[in-house]
Amino acid sequence: MEEENNVPVEEICADCKGTGIVKEKDGTNHTCWKCLSDGKLEQHTSNIKDYGIRI
Ligand SMILES: [Zn+2]
(Lines give C-alpha, C1' and ligand atoms only; values in the text may rest on other atoms or scores of the structure.)
Protein backbone atom coordinates (compact mmCIF):
# COMPACT_ATOMS: atom_id res chain seq x y z
CA MET A 1 0.00 0.00 0.00
CA GLU A 2 2.50 2.60 -1.07
CA GLU A 3 0.91 4.87 -3.59
CA GLU A 4 2.77 7.91 -2.39
CA ASN A 5 5.49 8.55 -4.89
CA ASN A 6 6.87 12.03 -4.77
CA VAL A 7 4.05 13.53 -2.82
CA PRO A 8 5.38 15.37 0.15
CA VAL A 9 2.88 14.54 2.77
CA GLU A 10 3.59 17.57 4.84
CA GLU A 11 -0.02 18.31 5.52
CA ILE A 12 -0.04 21.73 3.97
CA CYS A 13 -2.19 23.92 6.08
CA ALA A 14 -5.45 24.69 4.36
CA ASP A 15 -5.71 27.95 6.17
CA CYS A 16 -2.44 29.53 5.14
CA LYS A 17 -1.35 27.19 2.38
CA GLY A 18 1.81 26.57 4.30
CA THR A 19 2.86 30.19 4.28
CA GLY A 20 2.08 30.76 7.90
CA ILE A 21 0.08 33.81 6.97
CA VAL A 22 -3.65 33.72 6.66
CA LYS A 23 -5.22 36.18 4.32
CA GLU A 24 -8.66 37.17 5.37
CA LYS A 25 -11.35 38.00 2.88
CA ASP A 26 -11.17 41.65 3.79
CA GLY A 27 -7.53 41.77 2.78
CA THR A 28 -5.95 41.67 6.17
CA ASN A 29 -3.26 39.21 7.05
CA HIS A 30 -2.55 37.53 10.29
CA THR A 31 -0.47 34.71 11.60
CA CYS A 32 -1.92 31.30 11.11
CA TRP A 33 -3.02 30.21 14.52
CA LYS A 34 -3.30 26.68 13.37
CA CYS A 35 0.32 26.49 12.36
CA LEU A 36 1.28 28.38 15.44
CA SER A 37 -0.36 25.92 17.72
CA ASP A 38 1.16 23.13 15.71
CA GLY A 39 4.59 24.57 16.23
CA LYS A 40 5.18 24.96 12.52
CA LEU A 41 5.98 28.59 12.90
CA GLU A 42 9.18 29.40 14.65
CA GLN A 43 8.76 33.02 15.40
CA HIS A 44 9.06 34.81 18.67
CA THR A 45 5.86 33.25 19.80
CA SER A 46 7.10 30.17 21.47
CA ASN A 47 5.00 30.97 24.46
CA ILE A 48 2.51 28.37 23.42
CA LYS A 49 4.96 25.66 24.23
CA ASP A 50 5.55 27.20 27.58
CA TYR A 51 2.08 26.51 28.68
CA GLY A 52 3.49 24.49 31.47
CA ILE A 53 1.54 21.43 30.66
CA ARG A 54 3.12 18.47 32.31
CA ILE A 55 1.38 15.20 32.25
ZN1 LIG B 1 -1.42 27.44 8.68
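What share of the 55 residues of the protein count as buried? In this predicted model, local features need pLDDT of at least 70 and side-chain atom pairs count only at pLDDT 80 or more, whereas totals for chains, interfaces and linings use all residues. Residues are numbered from 1 along each chain as its sequence is written. Of the 55 residues, 5% count as buried, a class that requires 20 or more other C-beta atoms within 10 Å of the residue's own; exposed residues have 12 or fewer, partly exposed ones fall in between, and C-beta atoms are placed from the backbone.

The protein contains 1 helix and 2 strands, in the order β-β-α from the N terminus. These elements are DSSP runs numbered from the N terminus, with helices (H or I) of at least four residues and strands (E) of at least two. Mean pLDDT, the predictor's confidence in each residue on a scale from 0 to 100, is 75 for the protein, and 56% of residues reach 70 or more.

Thr-31 lies in strand S2. Thr-31 counts as partly exposed because it has 14 C-beta neighbours inside 10 Å. Apart from neighbours within four places in sequence, Thr-31 is in contact with Gly-20, Ile-21, Leu-36 and Leu-41, contact being defined as C-beta atoms, placed from the backbone, within 7 Å. The C-alpha atoms of Thr-31 and Leu-41 are separated by 9.0 Å, at 10 residues apart along the chain.

Lys-17 is located in the segment before strand S1 (21-23). Lys-17 has 12 C-beta neighbours inside 10 Å and therefore counts as exposed. Its phi is near 60°, a positive value in a residue other than glycine. Between the C-alpha atoms of Lys-17 and Cys-32, 15 residues apart along the chain, the separation is 9.7 Å.

Key
Contact = placed C-beta atoms within 7 Å.
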